[in-house]
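Hi,

Here's the structure I said I'd pass on.

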Amino acid sequence: MTGKIVFNKKLSDKYYYMKIESPEFVKNAKPGQFFMLKTQSFDYLVDPLLRRPFGVCDIEEDCFTILYTLVGKGTYLLSNLQTSTEISFSNPLGNGFSIVKNKNVALVGGGVGIAPLLYLSKALKDNNNSITLYYGGKSIGDIHLLEYFENTCDYIKISTEDGSLGEKALITDIITNFDYDIVYTCGPKPMMKNVVSVFQDKVENIEVSLDERMACGLGACLGCIIYVKEGDNIVQKRCCVEGPVFDGNKVVWEL
Amino acid sequence: MTGKIVFNKKLSDKYYYMKIESPEFVKNAKPGQFFMLKTQSFDYLVDPLLRRPFGVCDIEEDCFTILYTLVGKGTYLLSNLQTSTEISFSNPLGNGFSIVKNKNVALVGGGVGIAPLLYLSKALKDNNNSITLYYGGKSIGDIHLLEYFENTCDYIKISTEDGSLGEKALITDIITNFDYDIVYTCGPKPMMKNVVSVFQDKVENIEVSLDERMACGLGACLGCIIYVKEGDNIVQKRCCVEGPVFDGNKVVWEL
Amino acid sequence: MAKNRLEVEICGIKFKNPIITASGTFGYGIEYSRFIDISKLGGISVKGLSLNEVSGNMMPRIIETPAGMLNAIGLQNIGVNRFIEEKLPILKKYDTRIIVNFWGKTIEEYVEVAKILDSVDIDMLEINISCPNIKEGGIAFGTDHKMTEKVVSSVKKNIKNKPLIVKLSPNVTDIKLFAKICEDSGADAISAINTLLGMSIDIETKKPHLSNITGGLSGPAIKPVAVRMVYETYKTVKIPIIGIGGIINYKDVIEFFIAGSTAVQIGTANFVDPEIPIKIINDLKTYLENKNIDKISSLTGSIKIN
Amino acid sequence: MAKNRLEVEICGIKFKNPIITASGTFGYGIEYSRFIDISKLGGISVKGLSLNEVSGNMMPRIIETPAGMLNAIGLQNIGVNRFIEEKLPILKKYDTRIIVNFWGKTIEEYVEVAKILDSVDIDMLEINISCPNIKEGGIAFGTDHKMTEKVVSSVKKNIKNKPLIVKLSPNVTDIKLFAKICEDSGADAISAINTLLGMSIDIETKKPHLSNITGGLSGPAIKPVAVRMVYETYKTVKIPIIGIGGIINYKDVIEFFIAGSTAVQIGTANFVDPEIPIKIINDLKTYLENKNIDKISSLTGSIKIN
Ligand SMILES: Cc1cc2nc3c(=O)[nH]c(=O)nc-3n(C[C@H](O)[C@H](O)[C@H](O)COP(=O)(O)OP(=O)(O)OC[C@H]3O[C@@H](n4cnc5c(N)ncnc54)[C@H](O)[C@@H]3O)c2cc1C
Ligand SMILES: Cc1cc2nc3c(=O)[nH]c(=O)nc-3n(C[C@H](O)[C@H](O)[C@H](O)COP(=O)(O)OP(=O)(O)OC[C@H]3O[C@@H](n4cnc5c(N)ncnc54)[C@H](O)[C@@H]3O)c2cc1C
Ligand SMILES: Cc1cc2nc3c(=O)[nH]c(=O)nc-3n(C[C@H](O)[C@H](O)[C@H](O)COP(=O)(O)O)c2cc1C
Ligand SMILES: Cc1cc2nc3c(=O)[nH]c(=O)nc-3n(C[C@H](O)[C@H](O)[C@H](O)COP(=O)(O)O)c2cc1C
Ligand code: FES
Ligand code: FES
């Protein structure tokens, strides 16, 4: 399907925030889902060849948003797109986060990993949860969208590695309360691994949103394998179909 | 070198007119020269891979213009570029037309082949020539820039194959006067071939501007060979270096 | 009723159109049914099956390259029996031809899988002797002409009901030689090409981008090599050729037909956008109508050489 | 004086940087002197020379393909003697290494050209046994291992003064075999790869886009194949390797070094933009400085395999 760009704002050196209008997409999108986005507008151009996966960051009426960082050519092209440009993307894909009710929950986001947590926080608030957000980055330039999180979260704790905003620490180092019913996390792999080890044995449900190179995004190429424990076995799951959200306690980080 | 797009106008279904500011380019450009233009703005994109050749259509102060038609992906990308975009191109390349003085000259242009004749007509006018323009197209949508040619040419004759503008005829069919010192032509190959055979034996100097696929544009790849008669021999010339303007009487159209 | 200009016949089997999705790029077919109407496809070639379930290579398995991608999935599959039990019944509900791509680590395994497939409700077998990603078998069969002859003739001797397509490896000096051997060994059709062996290195970590070090290059980047090989094969054998390699639009399909294809397979393009095969089918129909070409099959091998 | 991190040595010859422009894409060097300062280049490999002038294939000779191009120039060149008389004296005015790429239709011609070049003021010879564009010689030498051995050892025996680089064809089943044969036959270095054999058809006219029907595929599209072949060659031989194929920026150069290259050649990128080699040299310098890498040669073969 396609949609029109409502805005495409530069937030900091490497961060952009884009809003796209698409009632059709919005109708079916759940927190934690992602989609494959074509960064080239002309069908006959084959560089970049593959679509790029991005998480649903927020939904506002008929629009959804993407928080993204500049990585390579795909995101570079994205950052150059003008308001009103028509862009093409897949349906919402993957499983998404569990939405609990009347619980005490923590969200832990690192860098651009904060993206899927915004829409999640909205859904959790609508379900009457008490929400604490832990949000870490290298520097102040990595911390964004706080104005939105202020509307949905009860507590917000921020840390940066250089101390330019919030505490000068890794985000996992400033977590002192472990009294949550469920923890949701998205960010760099080492951070998520840390989050799991910090909460392990203390919180039963830890949902991690993983990030793997994807060619198809829909379960066909088998390029995005994640290893998870199932009983005594280690089994393969496709990040795009059985994920991107997995049970943090089951993920095998290194094989 | 690079320059800024001053405008990029759609003239008709397939025709566009673009103006680019570049004092450096303008300083050295002669009528009939061409240049290689990058249609991708991001260096790391490799589709389209090669630059595309275009003729210098006009020069106005610090700017030059391109008249171009939509053909494939390169020209499609070009047509999407916005005002103020920075684009990259080579120096003016090739040999260009001879500029005569105080003569009676004819220009014969077909379709987008009219492009290099505009700047030529300016230079010829500055040198006190009497200029007749023959300008043909399939249809009215192929005829452009007349307002400019009206300032430089003494006589303008137009024909279209469907009769939607000027006479309903091929342009070579409406040439009845052969009393010129020199004829310049640019257009589809069959047209130029016809122009040469119409004026052959009647006009000594016929300059044709040829069009070959080019990879490098500067004489290195040997991809753009044109065959010309030299005495009793047929020899190879590189369209990009020894051309694109050749002596029409010497060109070997079919080998 | 309007005639179907797109219908083609391969080894006596009618395909409503010549667009087949390529093995390994379309899962077991079912994955795509959420996104497109797979009954519109001419056919589906399913992910390469082996006798037993195979878990494939370690991650990472894919990386994008200029106008292409490298993959080293390692022929991960659920095994021929689970396919027949779990996937085939669902797939059979769709109105499209089913080609089963398969492979083995030994000639015996190739034969065994072929025998199993020969008696189930599918349309054709496609033997993959060309996957460059596994150490045993695979590449060794497809790039050694004696092995090619042995595996193709052994399989052929052991199947009775289904036509056998042999899928060729492009990683050879002379594809004509292999095409001829396949024809002589009883192949009913040839599909060409599989992926080119390639490699990409992460300059930050100095590690190969793929855990397997090398992988198979696919996508538009390889199209010129594929067209050349289809053309060479067409000049060499009489059996039909299914052209594969870098197709992303209907023009590419026409090009493969002119070079000698009777049908084509679409691979990497399914990842680029799952709607591409359907779009190609529609565009081809329009093209043939506009050009007044009665049957797409009249384009097969229609190349004009001066 | 600041150290030159980019200096490399190939067969005892120092290059101020490892960026060499590839044969056939840089004319006789002089063509580019209007556009860039060719004295900044590590070296230039000139258009492949033969004994006598050759006029090449008929037009059309080039066509763009996805992230690449096909060419069938047909080894057009002015012949070795005219090169020495007309071009070399001009080229010698520039401060860059001169590699002369050459070929013959017969072993005798190869030897004769090599002998002539052995006694003139150039730095290295590069024997092209891999050009796919001519019917006699060319491909036959580079894809037949007996012919490869014969031509390389014959040439080597007949030259005394200059190191001999052998340029390999990628159109073979096993590049390792050819690399080993070249080393054993006396090659002082290997350059890899030449173009992949490809083809493209104009669907309007149904004619091949190239008069020669097939042509050589170059450009970014082939980079994964080239990197793989350099890596395989590096594991096989001890002589230095000059990596070629699809390089358009400094990252590509680093990738080729990690795979096993001692230097690289830039081909099609010269057409894309003549300033690319200079930009690459500057970017490499910055990269090495930022990464605190003393010598680019320390990257050669630095690939990490688990
Ligand atoms: C489920 C999922 C959700 C994501 N959500 C977001 C998001 O909301 N915001 C955001 O900025 N980024 C997100 N990413 C990462 C994003 O997909 C990559 O940053 C992006 O693909 C880079 O493309 P590029 O062309 O700029 O980089 P290049 O390096 O040129 O890309 C080359 C190839 O590598 C892949 N690739 C590169 N980096 C990554 C990565 N980190 N993860 C997966 N594939 C990668 C690309 O898809 C492409 O195939 C998500 C990734 C996944 C898997
Ligand atoms: C000296 C010279 C001057 C030219 N001046 C103009 C001009 O002023 N205005 C204008 O509209 N066009 C001009 N052309 C033609 C123009 O270069 C092509 O239309 C353009 O390259 C098409 O690119 P594309 O990517 O849109 O088409 P594609 O078909 O996608 O291009 C594929 C390849 O074919 C080449 N190609 C396609 N058509 C032509 C052609 N007619 N001539 C040469 N190469 C071609 C392209 O350069 C490219 O390498 C000129 C050509 C030459 C050689
Ligand atoms: C991820 C992936 C997996 C593949 N798996 C198989 C396979 O199991 N069996 C097979 O014969 N070919 C396999 N192939 C090769 C394709 O079927 C096809 O031959 C090749 O990709 C070239 O076509 P394309 O350029 O359209 O992708 C695979 C290709 C890709 C990209
Ligand atoms: C137009 C053209 C002409 C070439 N001529 C020669 C040649 O004469 N001798 C040779 O050894 N290689 C020749 N090559 C091959 C290149 O030197 C190089 O090996 C190949 O193009 C791959 O590198 P690239 O991808 O950087 O272009 C030619 C390549 C092109 C594109
Ligand atoms: S991205 Fe293809 S299976 Fe997950
Ligand atoms: S375009 Fe390369 S020599 Fe003319």
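Let's start with ligand 4: one of its oxygen atoms is 3.2 Å from a backbone N or O atom of Gly48(D). That's a polar contact (a pair of N or O atoms within 3.5 Å; within protein, one must be able to donate a hydrogen and the other to accept it, and residues adjacent in sequence count only if both atoms are side-chain atoms). Ligand 4 also has an oxygen 3.0 Å from a polar backbone atom of Ile193(D), and for a backbone N or O atom of Gly219(D) the distance to a ligand oxygen is 2.8 Å. On its own, ligand 4 has 610 Å² of accessible area, and the protein covers 98% of it. (Accessible areas come from the Shrake-Rupley method with a 1.4 Å probe; for residues, only the protein chains shown count as cover.)

Before you go further: this is a predicted model, where local features need pLDDT of at least 70 and side-chain atom pairs count only at pLDDT 80 or more, while totals for chains, interfaces and linings use all residues. Residues are numbered from 1 along each chain as its sequence is written, chains are lettered from A and ligands numbered from 1 in the order in which they are written, and side-chain values use heavy atoms, with hydrogens and water left out.

Now ligand 2, over in chain B. A side-chain N or O atom of Asp211(B) sits 2.4 Å from a nitrogen of ligand 2, and a polar backbone atom of Gly74(B) is 2.7 Å from one of the ligand's oxygens. Taken alone, ligand 2 exposes 820 Å², of which the protein buries 83%. Strand E4 of chain B gives the most to the shell around ligand 2, with 4 residues. (Strands, E, are DSSP runs of at least two residues, and helices, H or I, of at least four; both are numbered from the N terminus.)

Which loop holds Arg51(B)? Look between strand E3 (34–37) and strand E4 (52–55) of chain B. (Lys and Arg count as positive, Asp and Glu as negative; His and the chain ends are not counted.) A polar atom of the Arg51(B) side chain does lie 3.2 Å from the backbone oxygen of Val272(D).

Cheers!
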